[in-house]
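Q: I have a structure open and want to learn how to read it. Can you take me through it feature by feature?

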Amino acid sequence: QVQLVESGGGLVQAGGSLRLSCAASGLTFGAYFMGWFRQAPGKEREFVASISGKGGTTYYADSVKGRFTVSRDNAKNTVYLQMNSLKPEDTANYYCAADIYSIPRYSPDYWGQGTQVTVSS
């Protein structure tokens, strides 16, 4: 049974930083592309960032380039999202996802339950 468990969300002031973590179990972690998505109230879920199985390839949404960094530790079966220079528009529920092929090209096979990030102005 695959489980993706996010942590690290919370309330932060604009300009601040947060680091999200996603611990994976039940899958061969290093074989999976891992990604982060977010969904704000009343909006569709959107892609944020992703990283290949060995970490050599990353993708970012234009809205977070230069501010967010995705990374992974395959020894710990964990993927991270370092978020700097946070803006109120980054407020959303952030979801971790896994796909055997690629993200965001393919719809992820597995999803976490999400962690809330709220950025106050």
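Predicted model: local features only at pLDDT ≥ 70, side-chain atom pairs only at ≥ 80, totals over all residues.

Q: Let us begin with the strands. Which way do E4 and E9 pair, parallel or antiparallel?
A: In a regular strand, side chains alternate between the two faces of the sheet. Here E4 and E9 pair in the antiparallel sense, over seven bridges. One place to look is Arg-38, whose bridge partner in E9 is Tyr-94.

Q: How many bridges join E9 to E11?
A: Three bridges, and the two strands run antiparallel.

Q: How many residues of E9 are buried?
A: Eight of its eight residues are buried, so the strand is mostly covered.

Q: Which residues touch the most other members of the largest nonpolar core?
A: That core has 33 residues. Met-34, Trp-36, Val-79, Leu-81, Met-83 and Tyr-94 touch the most other members. Two or more residues come from each of E3 (18–25), E4, E5 (46–51), E7, E8, E9 and E11 (115–120). E9 gives the largest share, five residues.

Q: What is Met-83 in contact with, leaving aside its neighbours within four places in sequence?
A: Gly-16, Ser-17, Leu-18 and Leu-20 are among its contacts. Arg-67, Phe-68, Tyr-94 and Val-117 are on the list too. Keep Arg-67 in mind for the next topic.

Q: How many salt bridges are there?
A: Side chains of opposite charge can pair when their charged atoms come close. In this model the count comes to four. Three of them can be followed from one partner to the next.

Q: Which residue forms a salt bridge with Glu-46?
A: Arg-38 does, and the closest N and O atoms are 2.6 Å apart. Now compare each partner with the cut-offs. Glu-46 has a relative accessible area of 36%, so Glu-46 is partly exposed. Arg-38 is at 5%, which is under 20%, so Arg-38 is buried.

Q: Where does Asp-90 come in, and how far apart are the closest N and O atoms in its salt bridge with Arg-38?
A: Asp-90 forms a salt bridge with Arg-38, with those atoms 2.9 Å apart. The pair links distant parts of the chain. Asp-90 is in the loop between E8 and E9, Arg-38 is in E4 (residues 33–39), and 52 residues separate them. Both Asp-90 and Arg-38 are buried.

Q: What is the N to O distance between Arg-67 and Asp-90?
A: Their side chains meet in a salt bridge at 2.7 Å. This pair also links distant parts of the chain, 23 residues apart. Arg-67 is in the loop between E6 (58–60) and E7, while Asp-90 is in the loop between E8 and E9. Arg-67 is at 10% relative accessibility and therefore counts as buried. Asp-90 is at 1%, so Asp-90 is buried as well. Shared partners join Arg-38, Glu-46, Arg-67 and Asp-90 into one network.

Q: Now the backbone. Where is the cis peptide bond that has an omega of about 10 degrees?
A: Most residues other than glycine have a negative phi, and most peptide bonds are trans. The cis bond here joins Ile-103 and Pro-104. Pro-104 is in the loop between E9 and E10.

Q: Tyr-106 is in the loop between which strands?
A: Between E9 (92–99) and E10 (110–111). Leaving aside neighbours within four places in sequence, Tyr-106 is in contact with Asp-99 and Tyr-101. Its relative accessibility is 38%, so Tyr-106 counts as partly exposed.

Q: What is the phi of Asn-77?
A: Phi is positive, about 50 degrees, although Asn-77 is not a glycine. Asn-77 is in the loop between E7 (68–73) and E8 (78–83). Its 26% relative accessibility is why Asn-77 counts as partly exposed.

Q: Where is Ser-85 found?
A: Ser-85 is in the loop between E8 and E9. Its phi is positive too, near 50 degrees, in a residue other than glycine. At 42% relative accessibility, Ser-85 counts as partly exposed.

Definitions and conventions:
Residues numbered from 1 in each chain as written. Heavy atoms only, no water. Helix = DSSP H or I, 4+ residues; strand = E, 2+ residues; numbered from the N terminus. Buried < 20%, exposed > 50% of the residue type's maximum accessible area, 1.4 Å probe, protein only. Contact = heavy atoms within 4.5 Å. Core = buried A, V, L, I, M, F, W, Y, C linked by side-chain atoms within 4.5 Å. Pairing = 2+ DSSP bridges.
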